Amino acid sequence: MEPRTPEEAEVVLADARDVPVGRRVVLGMFGLGVAGVVVGAKVSDGVSKALAPITAADRTGLTDLLPAGGGFRIYTVTGTLPAKSEAEYRLEVHGLVERPMTLTMADLRAMAATSLTKDFQCVTGWRVEDVKWVGVKLSDLLDRAGVRPEAKALRFTCFDGAYTESLTLEQARRPDVLVAYGMQGGGISRAHGGPVRLYVAPMYGYKSAKWLSGIELTDRVIEGYWERRGYDVDAWIGKSNGRDDEPV
Ligand SMILES: Nc1nc2c(c(=O)[nH]1)N[C@H]1C(S)=C(S)[C@@H](COP(=O)(O)O)O[C@H]1N2
Ligand SMILES: [Mo]
């Protein structure tokens, strides 16, 4: 069943070794057994608290899967958390560019790094304050690829095989838009869309595509996944989607 709102795309990690997760259903978390069975969307905070000691004690690579905690909810429209190691990760920059490129993690890390500490706000209402992001400015990537004069917009694709997003060229060139590979002092976990995701600070979270695999320069804005389902294409926090949140 396809989610109709981001809230319906919310998942809660069920088991670190058995990655498939149920939409809005938690089945026995990390040995919490029956006591850990929770159904519903409002469990995220409890879950991150319940997982905190387990995260700290982890020696199995489980932390790689876990959310950075602190109020984030995990969204995926496919019901899966796709996985790619840093070694196999590739980012394609193509379309209306002078120099199409396929970048590795090493290529991204060799570029100038930018750190930003800013809030993350979902259109459904939750907000995480002061998230530390690290990555490459999207504008630096655009300069490297060379934007052709006919290009007007960007289309983002994801290795979940389903999610897409868009920005105008002007939006994409803002200094607070990152192709991010770091979050809260570590890498970007699988659940949060690692190893590389977009972070569009001034817009609602749905612009910040996870599991980023492609950036295509296009001659017009092509609506993204949620935009085709009724959410605003220009997703300014506090000035779109009928909401009045404080801007980021
Ligand atoms: N590939 C992909 N990217 C996505 C989404 C998604 O379902 N799939 N959800 C979006 C929405 S609505 C939000 S609020 C954020 C959530 O990021 P998080 O799961 O790291 O909290 O990711 C955005 N990017
Ligand atoms: Mo969202």
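A cavity, as I use the word here, is a set of grid points where a 1.4 Å probe fits but cannot get out. I'm working on a predicted model.

**Cavities first.** The largest cavity comes out at about 280 Å³. I sorted the lining by class and got 15 nonpolar, 4 polar and 4 charged residues.

I listed the shell around ligand 1 next and got 21 residues. Closest in that shell are Arg73, Asp160, His192, Arg197 and Lys210. By class I get 13 nonpolar, 4 polar and 4 charged residues for the shell.

**Contacts to oxygen atoms of ligand 1.**
- Arg73 uses the backbone: one of its N or O atoms is 2.4 Å from a ligand oxygen.
- Tyr75 also comes in through a backbone N or O atom, at 3.0 Å from an oxygen of ligand 1.
- Arg197 reaches a ligand oxygen with a polar side-chain atom, at 2.8 Å.

**Exposed or buried?** I took the area of ligand 1 alone, which is 540 Å² exposed. With the protein in place, 100% of that is buried.

**Cross-check.** I went back to Arg197, which is on the list of residues closest to ligand 1.

Conventions:
Residues numbered from 1 in each chain as written. Chains lettered and ligands numbered in written order. Predicted model: local features only at pLDDT ≥ 70, side-chain atom pairs only at ≥ 80, totals over all residues. Heavy atoms only, no water. Near = heavy atom within 4 Å. Polar contact = N/O pair within 3.5 Å; in protein donor to acceptor, adjacent residues only side chain to side chain. Areas by Shrake-Rupley, 256 points an atom, 1.4 Å probe, with all protein chains shown as cover. Nonpolar A, V, L, I, M, F, W, Y, C, P; charged D, E, K, R; others polar. 1 Å grid on protein atoms, 1.4 Å probe; cavity = no way out; pocket = protein on both sides within 12 Å on 5 of 7 lines; lining within 4 Å. Points joined across faces, edges and corners; volume = space filled by probe spheres on them.
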